[in-house]
Amino acid sequence: MTTTLRRWLNAILHRGLSHDTTPLPRRSDTFDHWLRDQREKADPVAWHVIDGLLDTYRLHADTGTPLNEHICTCRAIGECECYVEADRRAS
Ligand SMILES: [Zn+2]
């Protein structure tokens with residue numbers, strides 16, 4: 001599909017980058033600060049859980065991926081369903 005046709009379809013169907021108003025996660029935004037504050041107040045076990053969430057949040061921020069979309073960090077087949085699906089489609 002050509003770029004012009006894709007833009008035309010997006011405009012008619014009200015979708016695409018110009019119509020997506022969902023705020024993307026950003027480093028040092030309000031939620032990033034809130035997670036960091038919660039991590040500092042937490043006991044050692046909860047600290048590691050919150051730190052993992054903060055890492056995931058920042059990965060979404062760094063890659064510009066909305067929070068409702070999956071970022072796969074798996075490196076081996078079987079660690080994640082999406083990785084298995086991609087392998088299945090490739091073969
Ligand atoms: Zn995955």
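Predicted model: local features only at pLDDT ≥ 70, side-chain atom pairs only at ≥ 80, totals over all residues.
## Overall architecture

The protein chain contains four helices and zero strands. Read from the N terminus, its elements follow the order α-α-α-α.

Among contacts in the protein chain with a separation of 6 or more, 30% are made by residues 24 or more positions apart.

## Helix α2

Helix α2 spans residues 30–41 and has twelve residues. From its first C-alpha to its last it reaches 17 Å, close to the 16 Å expected at 1.5 Å a residue.

Trp 34 is placed in helix α2. This residue is exposed because 11 other C-beta atoms lie within 10 Å, and a residue with 12 or fewer such neighbours falls in the exposed class. The C-alpha atom of Trp 34 is separated by 9.8 Å from that of Leu 54, a residue 20 positions away along the chain.

## Packing of α2 against α3

Two packed helices are described by the angle between their axes and the distance between the axes. For α2 and helix α3 (residues 44–63), the angle is about 165° and the axes are 9 Å apart. The two helices are therefore roughly antiparallel, since the angle is over 145 degrees. Their crossing is left-handed.

On the α2 side, the contact involves Phe 31, Asp 32, Leu 35, Arg 36, Gln 38 and Arg 39. These residues meet Trp 47, Ile 50, Asp 51, Leu 53, Leu 54 and Tyr 57 in α3. By type, the residues of this contact divide into seven nonpolar, one polar and four charged.

An α-helix has 3.6 residues a turn, so residues three or four places apart point the same way. In α2, the contact residues include Phe 31 and Leu 35, as well as Asp 32 and Arg 36.

Ser 28 lies in the loop between α1 (3–13) and α2. Its backbone has a positive phi of about 65°, although Ser 28 is not a glycine. Most residues other than glycine have a negative phi.

Ser 28 counts as exposed because there are 10 C-beta neighbours inside 10 Å. Both Ser 28 and Trp 34 are thus classed as exposed.

Definitions and conventions:
Residues numbered from 1 in each chain as written. Expected span 1.5 Å × (residues − 1). Buried ≥ 20, exposed ≤ 12 C-beta atoms within 10 Å, placed from the backbone. Contact = placed C-beta atoms within 7 Å. Axes fitted to C-alpha atoms, helices over the stretch in contact; angles between N-to-C directions. Parallel < 35°, antiparallel > 145°, perpendicular 65-115°, else oblique. Left-handed = near helix turned anticlockwise from the far one by under 90°. Nonpolar A, V, L, I, M, F, W, Y, C, P; charged D, E, K, R; others polar.
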